[in-house]
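Please look over the sequence and the structure shown below. A short report follows.

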Amino acid sequence: MTHQMRTVVATSTSRIAAVLLGLVAIGLVFAPDFCDRQTLHLLAEIYAYICLATLWNLLAGYAGLVSVGQQAYVGLGGYILFAAALHLGVSPLWAIPVAGAFGALIALPAAALLFRLRGAYFAIGSWVLAEIMRLVAAQVSTLGGGSGTSLPASIVLAVGSTRQVRDNLFYWCALALLVLVISASYSLLRSRLGLALRAVGDNEMAARSNGIRVLGLKLAVYVGVGALTSMTGAMIFLQRLRISPDAAFNVNDWTAIVIFMAVIGGIGRLEGPLLGVLIFFGMRQWLADYGTLYLMLLGALAVVVMITAPRGLYGKILERWPMELAPIRMRVEKS
Amino acid sequence: MDWLNVLLQGVLIGGLYAIFAAGLSLMFGVMRLVNVAHGDFIVLAAYLALVVTQSLGIGPLMALVIVVPVMAVLGYVLQRVLLNRSLGEDILPPLLVTFGLSVIIQNGLLELFTPDSRKLGAGAIETASLDMGGGLSVGVLPLAQFAVACLVIVALQLLFYRTALGRAFRATSDDPATAQLVGLDNDHVFALATALAFALIGLGGIFLAVRSNFDPSLGPSRLLFGFEAVIIGGLGNLWGTLIGGIILGVAQSIGAKLDPGWQTLAGHVAFMIVLAIRPQGLLPKVQA
């Protein structure tokens with residue numbers, strides 16, 4: 001006798017997880033009602049880091065493009081926002097998508113150069129690109145040169161007349177960006193392209209012989225990640241109201257920490273970076289009184305995790321309790 | 001004459017960059033490992049030299065005798081204990097592990113030595129210069145450093161192509177599995193390569209320390225200079241590395257002459273130009 005078969009992606013756990021995630025997201029929309037200013041800022045910072053870690057994971061964990069130069073796009077996004085707001089009179093909130101467009105625009109020629117370098121050399125090359133942008137930004141005197149610049153009160157007031165209105169707006173923007181990044185990466189990975197991407201991650205040669213255009217695929221991911229990273233950067237510096245080359249293109253803040261988060265949580269899984277971000281913020285709050293100790297500990301933890309559990313802590317959890325919170329693979333089931 | 005002087009300074013600093021690059025290139029060549037912490041280890045060696053000269057009251061030249069072996073041992077141990085475990089098909093683990101080390105060293109130095117910049121005094125040689133005629137003069141120290149850099153390249157060349165150790169390096173590089181079959185202990189060979197690279201790091205660290213001010217945040221830029229010299233010269237070519245270092249040094253000193261803010265930028269741009277028009281580097285890979 002024959003069974004009618006069908007392919008499914010969702011599992012019962014993932015359905016529950018999706019509902020819970022939806023509820024949490026809706027709850028977070030109302031955070032300004034019951035959180036003070038500081039907590040809102042912290043939440044927005046956490047959202048930005050989840051975005052950065054997810055995007056880096058997409059690049060390194062899926063497309064095999066291990067970059068240590070994503071600070072190029074964070075800084076670029078921040079600077080585009082400031083330039084658009086200061087010199088073109090664009091409202092800062094509208095400047096965020098503009099920053100995204102510029103990120104994509106710069107990513108194309110950047111890829112043309114950097115894709116000539118293989119593997120680890122691509123990584124260091126991407127860092128050189130970020131340094132070039134930092135040094136160029138330091139030369140632009142209308143944006144404050146090496147010491148940077150602030151958004152003037154007139155522009156800030158145009159966003160919202162009181163501080164509370166602005167804080168809430170910035171918070172919602174950060175949340176919206178987080179939802180955009182998560183849903184974009186999740187739908188990418190579940191799509192045809194995502195399947196191709198995972199094939200490339202498993203074995204590039206085999207993927208190529210199956211007709212996948214590996215280069216085009218990598219380029220698409222690089223450009224897309226560049227655009228969203230720039231938007232995240234614009235968001236981060238809008239919240240700070242101040243930018244300088246050293247802060248904007250900081251390798252420790254926007255790449256080292258992000259990579260450590262992704263690795264500690266678990267690369268090659270969407271849920272991993274999320275866990276890594278939470279661990280980072282936990283450590284930072286806990287060790288707040290000890291200067292840069294948390295950074296050194298985070299680095300050491302990342303090294304230990306990489307050596308002993310290359311799939312990260314989330315990978316360890318999955319070994320123990322197999323579950324699919326955000327499944328992207330199709331399974332065959334009886335209908 | 002001004003410009004000739006600029007060129008000359010650039011060439012001489014290029015020797016130092018070639019020393020930075022040689023260690024990086026050695027580790028990559030033998031075990032495909034890009035040491036992201038390379039620059040931070042150079043700065044670490046510079047601080048080590050500072051501590052050694054101050055506590056023992058010896059000069060930088062004598063400090064070499066201590067710092068270079070100490071760094072070599074550190075490299076050997078590091079490779080055996082940590083880096084060998086990160087090697088494999090995937091390029092991410094070694095990259096991440098050395099990135100972690102970079103952050104730890106940078107912040108550790110910051111806590112120990114504060115962000116203030118330091119310099120290692122070298123005595124009379126620091127200000128001594130040779131008159132080349134026609135208003136052109138070169139410092140004895142930069143000239144000596146350049147000469148040492150050339151000697152290092154020659155020595156590495158001989159080591160690679162004339163000695164049993166060099167053969168072991170090339171064999172493990174070509175095919176680690178077969179190298180093991182014919183009796184090489186890969187873990188040991190890799191550790192020796194790293195020890196040698198770290199000896200070069202020690203040398204580069206002291207040269208850096210006597211030549212200019214240094215502080216804990218200087219590491220990443222030294223890594224990038226070394227990396228750029230390797231790529232400009234052509235991967236797997238030691239003389240190329242020297243030429244790459246010189247081109248980078250000249251580009252930087254021309255940039256600095258035009259505008260002090262353009263020094264580093266000009267070097268990076270030169271690198272990008274080479275990448276755009278000749279991605280395989282200027283000199284071909286040496287075929288043994």
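## Report on the predicted model

Phe34(A) belongs to helix 2 of chain A, which covers residues 31–34. The model described here is a predicted one. Phe34(A) has a relative accessible area of 61%, so this residue is exposed. Together with Ile26(A), Val29(A), Phe30(A) and Trp172(A), Phe34(A) makes a nonpolar surface patch of about 530 Å².

Leu189(A) is found in helix 8 of chain A, residues 163–190. Is this residue buried or exposed? Leu189(A) is buried, because its relative accessible area is 0% and the cut-off for buried is under 20%. Apart from neighbours within four places in sequence, the residues in contact with Leu189(A) are Leu58(A), Tyr62(A), Gly194(A), Leu195(A), Leu197(A), Arg198(A), Leu270(A) and Ile328(A). Between the C-alpha atoms of Leu189(A) and Tyr49(A) the separation is 20 Å, and the two residues are 140 residues apart along the chain.

The next part concerns the contact between the chains. Chain A brings 38 residues to the contact and chain B brings 40 residues. The size of an interface is often given as the accessible area lost when the parts come together. Here the area buried between chain A and chain B is about 3,600 Å², and carbon and sulfur atoms give 84% of that area. How many salt bridges does the rule find across the interface of chain A and chain B? The rule finds 0 salt bridges there. The number of residue pairs in polar contact between chain A and chain B, both at pLDDT 80 or more, is 5. On the side of chain A that touches chain B, at least two residues each come from helix 5 (92–114), helix 6 (119–139), helix 13 (251–265) and helix 15 (293–308) of chain A. Helix 6 of chain A gives the most to that side, with 14 residues.

Arg32(B) sits in the loop between helix 1 (2–31) and helix 2 (38–56) of chain B. Thr114(B) sits in the loop between helix 4 (92–113) and strand 1 (129–133) of chain B.

Methods
Residues numbered from 1 in each chain as written. Chains lettered and ligands numbered in written order. Predicted model: local features only at pLDDT ≥ 70, side-chain atom pairs only at ≥ 80, totals over all residues. Heavy atoms only, no water. Patch = residues over 30% accessible without salt bridge, like charges linked within 9 Å, V, L, I, M, F, W, Y side chains within 5 Å. Areas by Shrake-Rupley, 256 points an atom, 1.4 Å probe, with all protein chains shown as cover. Salt bridge = Lys/Arg side-chain N within 4 Å of Asp/Glu carboxyl O. Helix = DSSP H or I, 4+ residues; strand = E, 2+ residues; numbered from the N terminus. Buried < 20%, exposed > 50% of the residue type's maximum accessible area, 1.4 Å probe, protein only. Contact = heavy atoms within 4.5 Å. Buried area = accessible area lost by both parts, 1.4 Å probe. Polar contact = N/O pair within 3.5 Å; in protein donor to acceptor, adjacent residues only side chain to side chain.
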